[in-house]
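The sequence and structure come first.

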Amino acid sequence: MATRIFSFVFVMMMSLAVLSGYCSAKIYKVGDSEGWTAKDDLYYAWAATNYKEFHVGDSLVFEYDPSINDVTHVSGALEYEFCESFSPKAVYNTGHDVVTLTEPGFHYFITSNQEQCDLGQKLEVLVTYDPSSPVPPSTTPSKILPIGKTYKVGDSEGWKVYDSDFYNKWSEEKQFYVGDSLIFEYVSEVNDVYEISGDLEFTTCDPTSPVAVHKTGHDLVKLTEPGVHYFITSNSGSCEAGLKLRVMVGPEPKAVAYPNFPKKVDLSAMERLNNWLKTFKPQPHH
């Protein structure tokens, strides 16, 4: 009976925790009274008005005439820039679409009506985790990671412009493995941490398609996959001055298996004597 009560209480507590995260989510009507239509720079100004911050769990409401428009969620900055809608992540066409932002990073929305898109009917939003809300639980089982080492990036210098080759030298002196963690400490009003996907974005300081975005000023980043990981600041001047980090992450180190040697046996003096006497067994006569 006690076990059932405990299980019920636990389930209720977890449900309340998840619901509290969603209750804090905001709903934004795109374009406000203008809705989703073709107007030059309308949506850039709308996203920037009142310093809007979009968080995971927030929703965008697109209202428009479905006979001439739709909402096409495209995958990158190039498709957004050139109004390319051939390989969308999702398409909405009800005229009253509610799009919930489920992942951090940049999200790009255009209309597949090329003329309307060229006139400015497109929206770019940056989505981050809300630091005041719990991160929603993953729908897929999490990989259990080993407990690794934790490194403060830059050591006493932290994450700031110091020297053009400083972070390269800092990382080369270390060996990183799956399960290790990086701590980025910095002034959040000045910098941030963008994890990006490739060497080209790293070299050119291009933050337009990040894998993840961190901006609390004290970010803990777990290294969950082997390979090269790239981190930059979205402040292009600081990034070009050297505020970027590349780390090579090795697979989880395997435990070394040692052979099981027989334990040393401590024999008493009498046992040693008996064993010695057994060596003098009389030999059979032929």
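## Basis

This is a predicted model, in which local features need pLDDT of at least 70 and side-chain atom pairs count only at pLDDT 80 or more, while totals for chains, interfaces and linings use all residues. Residues are numbered from 1 along each chain as its sequence is written, and side-chain values use heavy atoms, with hydrogens and water left out.

## Disulfides

Two disulfides are present in the structure, a disulfide being a pair of cysteine sulfur atoms within 2.5 Å. With the bonded cysteines of the chain numbered in sequence order, the pairing reads 1-2, 3-4.

Cys 83 sits in the loop between helix H3 (77-81) and strand E5 (90-92), and Cys 117 in helix H4 (residues 114-118), so the pair ties together parts that are 34 residues apart in sequence. Helices (H or I, at least four residues) and strands (E, at least two) are DSSP runs, numbered from the N terminus. Cys 83 is buried at a relative accessible area of 5%, and Cys 117 is buried at 0%. The classes are buried under 20% relative accessible area, exposed over 50% and partly exposed in between (1.4 Å probe, protein chains only).

The other disulfide is formed by Cys 205 and Cys 239, whose sulfur atoms are 2.2 Å apart. This link is left-handed, with -85° about the S-S bond of Cys 205 and Cys 239. Cys 205 belongs to the loop between helix H6 (199-204) and strand E13 (212-214), and Cys 239 to helix H7 (residues 236-240), so parts that are 34 residues apart in sequence are tied together by the pair. Cys 205 counts as buried at 7% relative accessibility, as does Cys 239 at 0%.

## Salt bridges

A salt bridge is counted when a side-chain nitrogen of Lys or Arg is within 4 Å of a carboxyl oxygen of Asp or Glu. By this rule there are six salt bridges. Among them is Lys 29 with Glu 63, where the closest N and O atoms are 3.3 Å apart. That pair links distant parts of the chain, with Lys 29 in strand E1 and Glu 63 in strand E3 (residues 59-63), 34 residues apart. Lys 29 is partly exposed at 33% relative accessibility, and Glu 63 is partly exposed at 30%.

Arg 246 and Asp 199 also meet through their side chains in a salt bridge (2.7 Å, N to O). Arg 246 in strand E16 (residues 244-250) and Asp 199 in helix H6 are 47 residues apart, and the pair links distant parts of the chain. Arg 246 is partly exposed at 36%, and Asp 199 is partly exposed at 36%. Lys 174 forms a salt bridge with Glu 173, with the closest N and O atoms 4.0 Å apart. Glu 173 is exposed, at 64% relative accessibility.

Ile 27 is part of strand E1 (residues 27-29). Is Ile 27 buried or exposed? Its relative accessibility is 66%, so Ile 27 counts as exposed.

Apart from neighbours within four places in sequence, Ile 27 is in contact (heavy atoms within 4.5 Å) with Ser 59 and Val 61. Gly 57 is 30 residues from Ile 27 in sequence, and the C-alpha to C-alpha distance of the two is 9.2 Å.
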